[in-house]
Amino acid sequence: MEKAIVFGNGVSGKGAKKLLESKGVEVVLVDDNSGVKSSDAVKILAEINLFIKSPGIPFDNELVKKALDLGIEVIDEIELGYRYIVEKKLPTKIVAITGSNGKTTTTSKTTELLQKAGFKAMYAGNIGNSFAELLLENPDLDYAVLELSSFQLEGIKNFKPYISLIVNLSPDHLDRYAVVEDYYEAKFNICKNQKDNDIFIYNVNDDETMKRIPSKVFCDTRTITVGKNKEIANCFEENGWVLYNGEQILEVDKLSLKGKHNLENSLFIITIGKILNISNEVIQNCLYNTKSLEHRMELFYKWGNTIFINDSKGTNLDSTNFAIAAYKGSILICGGKDKGLPLDSMIENIKLNIKKVYLIGKMANRVEKSLLETNYSKENIFNLGTLENVLKHIKENITLEDKEVVLLSPSTSSYDQFKSFEHRGKVFKELVEEIFVGGEIL
């Protein structure tokens with residue numbers, strides 16, 4: 001009997017374990033909190049045929065390195081799922097989506113569009129669902145739409161989507177990668193095995209993507225472009241319309257997801273729709289009426305004339321810059337785990353566009369220091385540590401008559417104080433309702 005280690009008991013680990021056991025593989029679950037301890041797992045490596053690691057575990061982990069030294073193949077759950085499709089000859093085609101910002105919205109709304117067009121489509125990956133479990137439970141799936149992080153793409157070997165895309169690239173996760181180039185390299189693994197009639201979509205206005213296109217995309221892969229430059233983009237906006245290969249598809253003002261970043265996401269979604277021959281009417285119906293996702297510039301509460309925006313998914317600098325651009329003059333709540341990234345662009349953006357800054361988490365002192373170095377007013381910086389302290393202070397300093405926008409857009413991950421960005425957003429919303437009593441849930 002084959003024997004495998006699944007290292008990590010999170011969503012991907014649980015899914016990998018289920019899929020392997022369905023094939024009769026004996027699985028040893030390794031997890032220091034809820035399985036065999038990694039220090040003990042070393043003793044059984046000689047018995048192992050396959051090693052599945054969770055994406056949060058890097059390849060330089062001691063147990064992973066020992067497995068590799070013994071010649072054991074180490075892959076992630078995404079690779080395992082792809083191999084299952086090939087082995088079982090499933091009809092499922094893969095639409096794979098990555099990027100530094102916008103990939104969750106693009107993934108969820110692409111899935112929504114495919115479903116409205118009559119396809120059996122579901123999403124998985126970094127969006128919170130196991131790809132392996134999805135395939136196991138839905139062997140007749142037409143499309144699996146995968147949101148893929150750089151961590152999930154590091155271990156790609158044979159994985160080959162029908163459609164892949166990179167929404168955009170900006171520095172992130174330097175707490176994992178020695179240099180930002182390693183992060184970008186991992187992202188481009190999404191298309192490294194594509195060929196023949198596979199399709200890769202990219203953004204001609206994203207500088208970091210464009211630097212790498214000539215060396216990263218195989219010449220026999222079909223490429224389609226989105227962006228502002230109509231001379232080189234297949235899908236672009238012009239005179240208030242989105243056009244695809246010269247055809248008017250929909251009116252920009254009617255898109256229910258507002259902001260420049262959501263227009264960028266919509267260009268990718270529309271392009272996927274046109275590749276799959278979805279009618280303009282269905283595309284319009286979907287994108288004119290779709291709802292924004294929780295924790296992504298989510299307008300959720302009104303107290304007097306003040307509104308509250310939950311952008312807890314703002315886990316990197318660019319995402320917070322997008323939020324600031326959408327809500328200039330707001331009161332910004334920012335901070336969390338310090339990834340060690342340069343803060344220059346965000347600091348300048350705050351200086352030009354933000355009325356007051358409330359800082360939380362481990363990153364707070366560095367943001368405060370950087371703001372003061374640009375002569376941002378010390379009177380408008382409040383380094384208060386926690387969301388509860390921040391919201392209580394805001395409550396003491398505004399009235400029902402004041403017309404303010406309170407924007408939570410942390411610019412970094414949540415793991416110094418919360419389990420996840422979802423947990424951070426949930427706590428924020430609960431505290432707002434508790435402290436600003438009598439408001440309106442939107």
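Visitor: Which strands does helix α16 lie across, and at what angle does α16 run to β14?
Guide: Helix α16 (residues 421-435) lies across β14 (298-303), β15, β16 (331-334), β19 and β20, where contact means heavy atoms within 4.5 Å. Helix α16 runs at about 15 degrees to β14, on a scale from 0 to 180 degrees between the N-to-C directions of axes fitted to C-alpha atoms, for helices over the stretch in contact. Helices (H or I, at least four residues) and strands (E, at least two) are DSSP runs numbered from the N terminus. This is a predicted model: local features need pLDDT of at least 70, side-chain atom pairs count only at pLDDT 80 or more, and totals for chains, interfaces and linings use all residues. Residues are numbered from 1 along each chain as its sequence is written, and side-chain values use heavy atoms, without hydrogens and water.

Visitor: How do you know that β15 and β19 pair?
Guide: Pairing takes at least two DSSP bridges; β15 (residues 306-310) and β19 (residues 405-408) have four, in the parallel sense, so they qualify. In one of these, I307 is the partner of V405 in β19.

Visitor: What makes β18 and β20 edge strands?
Guide: The open, mixed sheet of seven strands runs β18-β17-β16-β19-β15-β14-β20. Strands β18 (381-385) and β20 (440-441) each pair on one side only.
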